[in-house]
Amino acid sequence: MKITNTIKEVRKNVKAWRTEGLTVGLVPTMGYLHEGHQSLIRRAVKENDRVVVSIFVNPLQFGETEDLDTYPEDFAGDSKICASEGASMIFHPSEHEMYDEGFCTFTDMTGLTETLCGKSRPGHFRGVCTVVSKLFNIVSPDRAYFGWKDAQQVVVIKRMVMDLNMDIEIVACETVRESDGLAKSSRNVYLNSNERKASTILQEALKIAEKKIASGVRASHEIQKAMIDTISAEKEVKLDYAEIVDLKSLQPVNTIEAPALLAAAIFIGETRLIDNYIYGI
Ligand code: AMP
């Protein structure tokens with residue numbers, strides 16, 4: 001497995017692979033890899049001849065009060081995971097390599113990026129779309145792998161690829177969880193033991209919603225209320241949002257029809273966690 005921090009080196013290798021007629025998969029990450037990331041890499045390795053894992057904590061997608069400076073990292077551990085899963089290359093650029101002095105071009109989107117996480121994290125998806133389109137231009141993969149854990153991100157990236165005619169297949173992968181249901185996340189490391197216990201309320205609220213849908217309830221307000229009441233009962237936790245939206249438009253729905261996205265975000269202390277349940281795919 002090669003490790004590089006230059007765009008030039010990535011391009012040189014991808015070009016050589018292309019000359020041999022090989023397919024290329026890309027797994028964009030911010031590092032501190034866990035089994036969620038691992039499942040994306042594993043799938044990419046299964047479906048492509050060569051896989052590039054990018055590890056880059058993208059400053060553009062963090063708000064001023066967010067955790068950019070404390071975001072966890074463990075490059076040695078990440079490298080071991082990538083190698084053990086059969087990745088061909090890690091692209092680990094510096095901030096300067098990605099955003100040279102004078103950088104002033106962005107990939108932006110309206111509508112889809114203004115709801116859910118976009119509402120509480122203004123500018124976040126502009127940063128995500130910009131870095132992902134840059135990575136797509138650098139690697140030119142056949143396929144790129146993203147997790148449903150960040151469902152809005154999946155919807156946004158699929159739309160970006162469609163709108164900008166990028167010839168890349170977006171593959172969305174299932175959320176990998178801890179045994180008690182908490183979605184694996186690099187940010188879980190911030191939680192102390194009390195907070196970790198309280199964090200399961202997020203999955204609990206979504207499970208209650210899932211059961212209500214399974215029992216035939218279709219009124220969004222009833223299910224949304226159940227999610228909000230469940231989360232609000234946990235003292236350690238502050239609700240950011242719990243919403244039910246159409247999976248394509250990300251606009252709220254009155255009646256739940258497949259495919260619908262039930263998404264929630266909470267704060268536990270300083271840590272913000274998100275999770276979702278997708279009905280009907
Ligand atoms: P991040 O490093 O947090 O930017 O995540 C990189 C990619 O891994 C994104 O596409 C995430 O949606 C995905 N991912 C993060 N956590 C999980 C998880 N628990 N299960 C599946 N995919 C995940």
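Predicted model: local features only at pLDDT ≥ 70, side-chain atom pairs only at ≥ 80, totals over all residues.
N13 counts as buried, because its relative accessibility of 8% falls under the 20% that marks a buried residue.

N13 sits in helix α1, which covers residues 7-19. When its neighbours within four places in sequence are left aside, N13 is in contact with K2 and M89. With K2 there is also a polar contact, in which the two side chains are joined at 3.3 Å.

T113 is placed in a loop, namely the one between α4 (95-98) and α5 (116-120). Is T113 buried or exposed? T113 is buried, because its relative accessible area of 13% is under the 20% cut-off. A polar atom of the T113 side chain lies 2.8 Å from the backbone oxygen of M109. Leaving aside neighbours within four places in sequence, the residues in contact with T113 are G118, F125, Q152 and V156.

The table sets out the relative accessible area of these two residues.

| Residue | Relative accessible area |
|---|---|
| N13 | 8% |
| T113 | 13% |

The domain assignment of the protein gives domain 1, which spans 2-173, and domain 2, which spans 186-275. The contact between them takes 22 residues from domain 1 and 17 residues from domain 2. Taken over C-alpha atoms, the centres of domain 1 and domain 2 are separated by 26 Å.

The size of an interface is often given as the accessible area lost when the parts come together. For domain 1 and domain 2 the area buried between them is about 1700 Å², and 60% of it is on carbon and sulfur atoms. Within domain 1, the residues that lose the most area to domain 2 are L116, C117 and K149, which together account for 29% of what that side buries.

How many salt bridges are found across the interface of domain 1 and domain 2? The rule finds two. Elsewhere in the description of side chains, R187 and D67 meet in a salt bridge, with 2.8 Å from N to O.

On the side of domain 1 that touches domain 2, the elements giving two or more residues are α5 and α7 (151-163). Of the elements on that side, α5 gives the most, with four residues. Sorted by class, the side of domain 1 that touches domain 2 has ten nonpolar, seven polar and five charged residues.

Notes. Residues numbered from 1 in each chain as written. Heavy atoms only, no water. Buried < 20%, exposed > 50% of the residue type's maximum accessible area, 1.4 Å probe, protein only. Polar contact = N/O pair within 3.5 Å; in protein donor to acceptor, adjacent residues only side chain to side chain. Contact = heavy atoms within 4.5 Å. Domains from an automatic or database assignment. Buried area = accessible area lost by both parts, 1.4 Å probe. Salt bridge = Lys/Arg side-chain N within 4 Å of Asp/Glu carboxyl O. Nonpolar A, V, L, I, M, F, W, Y, C, P; charged D, E, K, R; others polar.
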